[in-house]
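Here's a quick look at a ligand site and the domains around it. Load up the model and follow along.

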Amino acid sequence: MLHTIKKIGVLTSGGDSPGMNAAIRSVVRTCAFHDIECYGIYRGYEGMIEGDFEKMDARSVKGIINKGGTILKSARSKEFRTKEGRATAHAALKKAGIDAFVVIGGDGSFTGAMIFSQEYNFPVMGIPGTIDNDIFGTTHTLGYDTALNTVVEVIDKIRDTASSHNRLFFIEVMGRDVGHIALNVGVGAGAEEILIPEEDLGLDRLLESLRRSKRSGKSSSIVVVAEGDKIGKNVFELKDYVDQNLKEYEVRVSVLGHMQRGGSPSCFDRVLASRMGVKAVEGLITGKSNFMVGLKNDQMELTPLELAVKGKSKIDMELLRVSDIMTI
Ligand code: F6P
């Protein structure tokens, strides 16, 4: 399928992440560099269905590399999951003369792009943007590094008050299905325990570990819990459980929530976004479609969208061992 691409659309879809603006900027400027028209598509696939497009040039994306969120807005479109929704989107793209698009988002957004591309033989390229780092085919998704730094900074602050009051804190971090954020911030912030979906620690081991912690002379403790943890209890239930079983602890809970998705992107995420945008546009103009750009061994590589969606991003089990050793 070799298309001569003249107009490329760019959209952000699903949960936002820091670095999305830097990626939009890169897509728009790479298009300008190659004399290709570029259109911003607002509110993800919702805006695609409604034909909510705006022509962008190199100057339209000035001053956004350092901004969190996404200037194009984002949405999770139910309508795009239907054949009718995709048909309306296709008609809107055709009407505007857009003949390829780059979608910045996570696996749900990629699944939509893949189905659309197959139905209409339409060139698409994905840029992985999610703080969860749960996409196969890249060691880092956009926003992940920034989120790690944001969370570590907050845990450091919570540790100050935990230590003043000799308290145990359960801190819930994002990660719907994976424990990348929890594991890395847990090691980075020196947490006493890390609960992630990939490893069911079990309540007994948690209690034992907390008892050991106390015996070793620690006065305060931090337990980082991934929201998708499979231990069977949420952070509030964990608090109640420890309250009942370990009277020596005074327990508090902190759910960090959506603050983890905001903020100015780190330098790493800005550079990654810039590289990904170039690779995505240049992939499209050299006839590639249905791929996701990703970082592997510090190189930009393309992974078929199907693999990116179906594959699993693996947790670094060695890091769990490192954490165990550090919390002796
Ligand atoms: O972006 C992914 C994610 O951060 C998950 O970890 C979390 O479960 C989800 O987004 C929450 O997103 P929303 O509130 O937008 O549905």
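How far apart do the C-alpha centres of domain 1 and domain 2 lie?

## Two domains

The answer is 34 Å. Domain 1 covers 7-143 + 265-310 and domain 2 covers 145-261, with bounds taken from an automatic or database domain assignment. Where they touch (contact means heavy atoms within 4.5 Å), domain 1 puts in 14 residues and domain 2 puts in 12.

This is a predicted model, so local features need pLDDT of at least 70 and side-chain atom pairs count only at pLDDT 80 or more, while totals for chains, interfaces and linings use all residues. Residues are numbered from 1 along each chain as its sequence is written, and side-chain values use heavy atoms, with hydrogens and water left out.

## The ligand's shell

Both domains give residues to the shell around the ligand, so the ligand lies between them. Residues around the ligand (a heavy atom within 4 Å) include Arg76, Asp132, Met174, Glu227 and His258. By type, the shell has five charged, three polar and two nonpolar residues, with Asp, Glu, Lys and Arg counted as charged, Ala, Val, Leu, Ile, Met, Phe, Trp, Tyr, Cys and Pro as nonpolar, and the others, Gly among them, as polar.

## Polar pairs

Ligand oxygen atoms have N or O partners within 3.5 Å: a polar side-chain atom of arginine 261 at 2.8 Å, a polar backbone atom of glycine 175 at 3.2 Å, and a backbone N or O atom of arginine 176 at 3.4 Å.

Terms used:
Polar contact = N/O pair within 3.5 Å; in protein donor to acceptor, adjacent residues only side chain to side chain.
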